[in-house]
Amino acid sequence: MPAAVANPYANLELKIPGRYADDVEKYAGRFRPEDGSPKDIDRSPFDLYVDFWWAAIGVGVSEGRVSAPDDLKKFVTGVVLNQTPWRITHLELLAIAHTGSTDVLSKPGEVIEIANGYAATGAPILVEILLKKSEPIWDVSNHLKKLAAPQQPDAIAISE
């Protein structure tokens with residue numbers, strides 16, 4: 001069992017752009033078979049809303065920018081981070097990298113605002129990818145895989 005991590009974000013709101021709320025619901029577990037069998041991961045590749053938010057943060061980071069749309073909508077509080085404490089550490093590291101200072105850790109609202117801003121950048125990109133196919137897991141998986149792959153230098157020609 002992982003060590004307990006303090007969660008200063010438990011009462012703060014995790015948000016996504018409101019115009020994508022229906023899409024997040026759709027791709028975060030809405031397609032569940034009525035017979036009680038497991039959900040169709042091909043159509044709903046994210047288990048939880050926070051998983052979509054987390055992927056959107058990663059995409060936003062890869063884009064190198066935060067967004068601040070007018071229509072941010074709460075989907076859950078930071079208490080959900082208690083289930084995956086490693087996310088707390090990652091959010092803090094992201095905030096430090098974003099601001100260039102550890103002082104941000106004394107401002108939990110700013111840490112979450114930064115994460116919400118990156119998620120607001122990444123959400124439309126993810127939704128665009130997801131909307132392309134009836135079984136979008138493959139396109140979104142390939143996109144995320146490309147983002148996670150280390151940048152490879154151009155091939156160097158070797159001559160004999």
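This is a predicted model: local features need pLDDT of at least 70, side-chain atom pairs count only at pLDDT 80 or more; totals for chains, interfaces and linings use all residues.
1. Overall architecture. The protein contains five helices and two strands. Read from the N terminus, its elements follow the order β-α-α-β-α-α-α. Of the 160 residues in the protein, 37% are buried. Among contacts between residues at least 6 apart in sequence, 72% link residues at least 24 apart.

2. Packing of α2 against α4. Helix α2 spans residues 49–63, and its axis comes within 6 Å of that of α4, with a crossing angle of roughly 100°. Angles of 65 to 115 degrees count as roughly perpendicular, and α2 and α4 are therefore placed in that class. On the α2 side the contact is made by F52, W53, A55, A56, I57, V59, G60, V61 and E63, which meet A115, N116, Y118, A119, T121, G122, A123, I125, L126, V127 and L130 of α4. By class, this contact of α2 with α4 comprises 15 nonpolar residues, four polar residues and one charged residue.

3. Packing of α3 against α4. Helix α3 covers residues 86–99 and helix α4 covers residues 108–131; their axes lie 9 Å apart at an angle of about 85°. These two helices, α3 and α4, are therefore also described as roughly perpendicular to each other. From α3, the residues L91, E92, L94, A95, H98 and T99 meet E110, V111, I112, I114, A115 and Y118 of α4. The contact of α3 with α4 divides into eight nonpolar, two polar and two charged residues.

4. L14 in strand β1. Strand β1 runs over residues 13–17 and includes L14. Is L14 buried or exposed? Its relative accessible area is 0%, and L14 is therefore buried. Beyond residues up to four places away in sequence, L14 touches V50, W53, K73, K74, F75, V76, T77, G78, V80, I112 and N116.

5. D23 in helix α1. Helix α1 comprises residues 21–30, with D23 among them. The relative accessibility of D23 is 16%; because buried means under 20%, D23 counts as buried. Apart from residues up to four places away in sequence, D23 touches V127 and L131.

6. L48 in the loop. L48 is located in the loop between α1 and α2. With a relative accessible area of 41%, L48 is partly exposed. When neighbours within four places in sequence are set aside, L48 contacts A28 and Q83. L48 and V24 are separated by 24 residues in sequence and by 9.2 Å between C-alpha atoms.

7. The largest pocket. The volume of the largest pocket is about 160 Å³. Which residues line the largest pocket? The lining consists of K15, V66, S67, A68, L72, H98, E110, E113, I114, N116 and G117. Helix α4 supplies the largest share of the lining, five residues. By class, the lining has four nonpolar, four polar and three charged residues.

Technical notes:
Residues are numbered from 1 along each chain as its sequence is written. Side-chain values use heavy atoms; hydrogens and water are left out. Axes are lines fitted to C-alpha atoms, for helices over the stretch in contact, and angles run from 0 to 180 degrees between N-to-C directions. Helices (H or I, at least four residues) and strands (E, at least two) are DSSP runs, numbered from the N terminus. Angles under 35 degrees count as roughly parallel, over 145 as roughly antiparallel, 65 to 115 as roughly perpendicular and the rest as oblique. Contact means heavy atoms within 4.5 Å. Ala, Val, Leu, Ile, Met, Phe, Trp, Tyr, Cys and Pro count as nonpolar, Asp, Glu, Lys and Arg as charged, and the others, Gly among them, as polar. Buried means under 20% relative accessible area, exposed over 50%, partly exposed in between (1.4 Å probe, protein chains only). On a 1 Å grid over the protein atoms alone, a cavity is a set of points where a 1.4 Å probe fits but cannot get out, and a pocket is an open set with protein on both sides within 12 Å along at least five of seven lines; lining residues have an atom within 4 Å of a point. Grid points are joined across faces, edges and corners, and a volume is the space filled by probe spheres set on the points.
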